[in-house]
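Subject: Structure handover

Hello,

Here is the structure you will be taking over. Please open it alongside this note, then read on for what was found in it.

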Amino acid sequence: MNQDNPNRHGQPMQGLPLALMTAAIAFATFMEVLDLTIVNVSVPTIAGSLGVSPAEGTWAISSYALASAVMQPLTGWIARRFGEVRTFTTSVLLFVFFSALCGLSTSMPMLVFFRLMQGMVSGPMVPLSLTLLFSIYPRDRQGVALGLWAMTVVVAPIFGPVLGGYITDNLHWSWIFLINIPVGLLAGLLTISLMRGRESKTFKVPVDVVGLVLLAAGVGSLQFMLDNGNNMDWFASPLILTLGLTALVCLSFLIVWELTDKHPVVDLRLFKSRNFSAGVIALTVGMFCFFGINVVYPLWLQTTLGYTAEWAGLATAPVGLLAVFLSPLVGRNMHRMELRLLVTMAFAIFAWTSFWFAGFSTQSSFWQLVEPRIVQGAAIAMFFIPLNQIILAGLRPDQIASASGLSNFFRTIASSVSTAVTVTLWQHRGEYHHVVLAEHVSNGNAGAVAYIDRVHALGLHGTPVFGLIDLIVNKDAYTLAVNDVFWLFGWLFILIIPLIWLAKPPFNSAAGPALH
């Protein structure tokens, strides 16, 4: 064992160094999480510029998510081996390097490879950002640190499509990646200078090769299956079926192996903690629903209501307004609150706004669409911050990096599963409603006949009439379908409320990152 600092990072920071280090961590975290979604709205432009189809362009998204998902559970092991500060700094600087290469790519294979590497080096950044924040803040202000961190992690993916759409429309798509260079360099240099001499303990532990291979194969197969399943008709495709079986076998063996190995690459023993288990399950289901809303809502706006990517982003982004203002406030006062009640309130607001979303129609105005998004922002602050404190409560300081990496892994996988399930469900329900509505367009329906007569009076006859009716039916069908999805998420939010009450207080014990 090599012990770099007997006090583990030294004393908390104060004044200007604390403010600068907080900014560095926030910039690095925002940059990494933003890159999960900033490419989404730019895929058609990137694909056209590099001479490939939009379907091939989605590999720029899949490769990043795949590599990041594989690396996140490894955070604890990497940090124990090389040190938390060293690992974080290296990740940030390598992220900048591969971002530059992404921006300079001249072909899709180049871009996909550099995005893969970008995702790989980014894996430890978000989990270790929380660990470093706890190390530099005094115990009585760690709630503020958690609030800032949670705000960054949750809000960044929401602003990604807005920023990506603006850059794509007004600049060259390469600036989506090149803007990371000044931000990442500043964050990396500040971390190097301010965290000098504050390295954590390091341990020369053996490499769990079997666990590493099983993790990479299992998570990689699962992530690729989720990203591409909808476009390949799911298990009707031999490739998707093979990936699903590979993921099932590898992840099953991984669980057994990691629970019996002396030096596991992923510390699954953390699930012995009642609070960690309850918190991670609640976080996973909550993120599944929350991310599903964030996927299907702008998609419906663009494909059904005719919104542009920029306006869909503007309708989506207001969810971050209350989150930005309330997150530090909630973090600062968490020690005065019953965290389980706070999370319950968050799920209740999520459920209420989901049912509110389910009342949308094709005639809903922009402001009617935005109102529930603004209210939903309050739930973000009360959901993510207390839930992360519950997850980490009672854990030893040397377990925080592993716990944060594992919980972030489940958050990432929940987002991927949610994207795949939500889009598929919405399309299937849209097809169902289209068939049901089309059955009512007949001579036996007085309303349909009256509408066709009005169209004829406008001078439209023959095939164009039926084309117009099909467009209207399709628009209504996919609006009813999105309402179904919102109703489902609303009830899921309600159903998971009892789960959080399985967690056992106190949540600010001395063993964990105490907030008192």
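A cavity here is a set of grid points where a 1.4 Å probe fits but cannot get out. Its lining residues have an atom within 4 Å of a point. Please keep in mind that this is a predicted model.

**The cavity**

How many cavities of 30 Å³ or more does a search of the whole structure find? The search finds 1. About 40 Å³ of space lies in the largest cavity. Its lining is made up of P73, G76, W77, R80, V265, V266, D267, S402 and L406. Two elements, α5 and α19, each give two or more residues to that lining. The largest share comes from α5, with 3 residues. By class, the lining of the largest cavity has 5 nonpolar, 2 polar and 2 charged residues.

**α5 and α19**

These two helices also meet each other. Helix α5 covers residues 75-82, and helix α19 covers residues 400-438. Their axes come within 7 Å and cross at roughly 150°. Angles over 145 degrees count as roughly antiparallel, so α5 and α19 are roughly antiparallel to each other. The crossing of α5 past α19 is right-handed.

Which residues meet? On the α5 side they are T75, G76, A79 and R80; on the α19 side they are A401, S402 and G405. That contact has 2 nonpolar, 4 polar and 1 charged residues. G76 and R80 of α5 are in this contact, and G76 and R80 also line the largest cavity. S402 of α19 is likewise in the contact and in the cavity lining.

**α5 and α6**

Helix α5 has another partner to look at. Helix α6 spans residues 84-103. The axes of α5 and α6 come within 7 Å and cross at roughly 115°. Angles of 65 to 115 degrees count as roughly perpendicular, so that is how α5 and α6 lie to each other. I78, A79 and F82 in α5 meet E84, R86 and T87 in α6. The contact of α5 with α6 divides into 3 nonpolar, 1 polar and 2 charged residues. A79 takes part here, and A79 is also in the contact of α5 with α19.

**α4 and α7**

One more pair of helices is worth a look. Helix α4 runs over residues 59-71 and helix α7 over residues 108-122. Are they roughly parallel or roughly antiparallel to each other? Their axes come within 7 Å and cross at roughly 25°. Angles under 35 degrees count as roughly parallel, and α4 and α7 are therefore roughly parallel. Their crossing is right-handed.

From α4, the residues in contact include W59, I61, Y64, L66 and M71. From α7, they include L111, V112, R115, L116 and M120. By class, this contact has 11 nonpolar, 5 polar and 1 charged residues.

Best wishes

Technical notes
Residues numbered from 1 in each chain as written. Predicted model: local features only at pLDDT ≥ 70, side-chain atom pairs only at ≥ 80, totals over all residues. Heavy atoms only, no water. Axes fitted to C-alpha atoms, helices over the stretch in contact; angles between N-to-C directions. Helix = DSSP H or I, 4+ residues; strand = E, 2+ residues; numbered from the N terminus. Left-handed = near helix turned anticlockwise from the far one by under 90°. Contact = heavy atoms within 4.5 Å. Nonpolar A, V, L, I, M, F, W, Y, C, P; charged D, E, K, R; others polar. 1 Å grid on protein atoms, 1.4 Å probe; cavity = no way out; pocket = protein on both sides within 12 Å on 5 of 7 lines; lining within 4 Å. Points joined across faces, edges and corners; volume = space filled by probe spheres on them.
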